[in-house]
Amino acid sequence: MKVLMVCLGNICRSPLAEGILKEKVKAKNLDWTVDSAGTGSWHVGDAPDPRSIAVAATHGLDITSQRGRQLKPADLENYDLIFAMDSMNFQHILLLATTDVQREKVQLIMNMEKPDHNQNVPDPYYGDDGFEGVYQMLDRACTAIIEKYAH
Ligand code: 4NP
């Protein structure tokens with residue numbers, strides 16, 4: 001399974017999602033690839049936001065070696081599951097899809113926990129207090145991803 005986590009900047013939410021899912025994949029000894037990307041290009045090459053690094057560290061995760069990259073059309077072909085953090089990301093990912101097979105790979109990540117609720121992971125970039133809540137949401141979603149797709 002090849003899983004791609006996508007947000008806007010690839011410095012706050014999707015790096016946390018990548019780190020959390022990688023830890024669960026490792027704990028289950030699964031042969032999965034997990035990566036993340038942003039729909040925007042502002043933070044290409046950047047390390048995750050210090051606030052994401054800090055909240056990950058409080059949960060025992062080291063995400064400092066991740067670097068931002070922008071989503072590209074080949075990602076739609078190369079990954080099996082593509083998780084959008086919010087509905088804007090979802091729409092932007094679909095703009096790059098060229099086939100129904102590619103479109104069907106794209107899901108809102110919180111629908112893994114609560115199917116059809118279409119809940120967004122809030123963008124914590126412009127406030128300081130959202131990071132722990134984002135972590136908890138992504139931890140629940142990643143648990144659900146493992147339960148559904150690990151077999
Ligand atoms: P993210 O948060 O999409 O969770 O990485 C953001 C990070 C940076 C920006 C927007 C959202 N920005 O506009 O630079």
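Modeller: Buried means under 20% relative accessible area, exposed over 50%, and partly exposed in between (1.4 Å probe, protein chains only). This is a predicted model, so local features need pLDDT of at least 70 and side-chain atom pairs 80 or more, while totals for chains, interfaces and linings use all residues. Residues are numbered from 1 along each chain as its sequence is written, and side-chain values use heavy atoms, without hydrogens and water.

Colleague: OK, what does Asp139 count as at 22% relative accessibility?

Modeller: Asp139 forms a salt bridge (Lys or Arg side-chain nitrogen within 4 Å of an Asp or Glu carboxyl oxygen) with Lys24, the closest N and O atoms being 2.9 Å apart. Asp139 is in helix H6 and Lys24 in helix H1, 115 residues apart. With 22% relative accessibility, Asp139 counts as partly exposed.

Colleague: How far apart in sequence are the parts tied together by Asp86 and Arg13?

Modeller: Their closest N and O atoms are 2.9 Å apart in a salt bridge. Asp86 sits in the loop between S3 and helix H4 (87–96) and Arg13 in helix H1, so the parts they tie together are apart by 73 residues.

Colleague: And which element gives the largest share of the largest nonpolar core?

Modeller: That core has 34 residues, and Met5, Leu21, Phe83, Ile109, Leu138 and Ile145 touch the most other members. Elements giving two or more residues include strand S1 (2–7), helix H1 (13–27) and helix H6 (131–149). The largest share, 11 residues, comes from H6.

Colleague: Which residues are linked with Asp35 in a network of salt bridges?

Modeller: The structure holds 10 salt bridges. Linked with Asp35 in a network are Arg69, Lys72 and Asp75.

Definitions and conventions
Core = buried A, V, L, I, M, F, W, Y, C linked by side-chain atoms within 4.5 Å. Helix = DSSP H or I, 4+ residues; strand = E, 2+ residues; numbered from the N terminus.
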